[in-house]
Amino acid sequence: MNIFLYSVALQWKLDIRSKSLLVTCYIVPLMFFFLIGGIFTSVMPEMGSTLIQSMVVMSVSMGAFIGLPPSLIETYGSDVKKVYKANGAPLYLGLVTMFLSAFAHLMISCVIILLLAPILFKATLPAQLPLFFLSLALYSIVSLSIGSVLGLLVKNQAKLTMIAQLLFLPSIMLSGIMFPIGLLPGYLETIGRIFPASWGYCLMLDNGFCFENLWYLILIFCVAVLLCGLLLNKQKSE
């Protein structure tokens, strides 16, 4: 347990110094929030009731799909993983510590958005904050599990960037956070439901915490955990 806690604390310190994580978990999401939040509430005042949910979905998606995978490649796509083997540490330790560290940073970023949105844009706070945070945590865990699969599966940084963008952009454009999903053509609405962002967004809305919005996220998480296990076992044999 002491080794695990030390690893988590060490990863936290490393991530704080990481320019990549600073950009993907804080700078870009918060800049997006400051710019787009004002535009949304000026053009469509009714967006104030869902602004917080929209902005945190964007923040989590960017951090999970674009921020976490490169860190995993640096460890599992290089000789760094041999350090774990040489010291008798389980190979999954790096994944778990990076996952927990990224989760903590995403929560901090989302709390900043939650606190500033009502002050800057007169956004409406979620009616039930405990359920909102539970929904946010579940969506963050699911998104980070997908990012973990990407980081373990893709070995090339250029390919990873392309695949991450193919996940991130549709998650933002087709999830309903930019405009009502009902405005999309039927086939785009169907495609949007493939990505977890639309489910996480619905889950975080007032009265949205229900099994109807939860089952798909649970399914994705279970599949992602299974894939991560298989990929880590493959890493052991290499």
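Reader: Is tyrosine 216 buried or exposed?

Author: This is a predicted model, in which local features need pLDDT of at least 70, side-chain atom pairs count only at pLDDT 80 or more, and totals for chains, interfaces and linings use all residues. A residue is buried under 20% relative accessible area, exposed over 50% and partly exposed in between (1.4 Å probe, protein chains only). Tyrosine 216 has a relative accessibility of 16%, so tyrosine 216 counts as buried.

Reader: How many aromatic pairs does a search of the whole structure find?

Author: Rings of Phe, Tyr and Trp (its six-membered ring) pair if their centres lie within 6.5 Å; planes under 30 degrees apart count as stacked, over 60 as edge-to-face and the rest as tilted. For the whole structure, the number of aromatic pairs found is 6.

Reader: What kind of aromatic pair do tryptophan 199 and tryptophan 215 form?

Author: The two rings lie 5.5 Å apart, centre to centre. Their planes stand at 80 degrees to each other, and the pair is edge-to-face.

Reader: How many residues apart in sequence are the parts that this pair ties together?

Author: Helices (H or I, at least four residues) are DSSP runs, numbered from the N terminus. Tryptophan 199 belongs to helix H9 (residues 196–204) and tryptophan 215 to helix H10 (residues 211–237). The pair therefore ties together parts whose separation in sequence, in residues, is 16.

Reader: Why is the pair of tryptophan 215 and tyrosine 216 given its class?

Author: The ring centres of tryptophan 215 and tyrosine 216 are 5.7 Å apart. Because their planes are at 80 degrees, the pair is edge-to-face.

Reader: How are helix H3 and helix H7 oriented towards each other?

Author: Axes are lines fitted to C-alpha atoms, for helices over the stretch in contact, and angles run from 0 to 180 degrees between N-to-C directions. The axes of H3 (residues 51–76) and H7 (residues 157–173) come within 10 Å and cross at roughly 170 degrees. Angles under 35 degrees count as roughly parallel, over 145 as roughly antiparallel, 65 to 115 as roughly perpendicular and the rest as oblique. The crossing therefore makes H3, relative to H7, roughly antiparallel.

Reader: Which residues of H7 make the contact with H3?

Author: Contact means heavy atoms within 4.5 Å. From H3 come Met58, Ser61, Met62, Phe65, Ile66, Pro69, Pro70 and Ile73. Their partners in H7 are Gln157, Leu160, Ala164, Gln165, Leu167, Phe168, Ser171 and Ile172.

Reader: Is serine 61 buried or exposed, and which residues does serine 61 touch?

Author: Serine 61 is located in helix H3. Its relative accessibility is 0%, so serine 61 counts as buried. Not counting residues up to four places away in sequence, serine 61 touches Ile66, Tyr139, Phe168, Ile172 and Ala197.

Reader: What distance separates the C-alpha atoms of leucine 21 and glycine 67?

Author: Leucine 21 lies in helix H2 (residues 19–43), and at 7% relative accessibility leucine 21 counts as buried. Leucine 21 and glycine 67 are 46 residues apart along the chain, and their C-alpha atoms are separated by 5.6 Å.

Methods. Residues numbered from 1 in each chain as written. Heavy atoms only, no water. Helix = DSSP H or I, 4+ residues; strand = E, 2+ residues; numbered from the N terminus.
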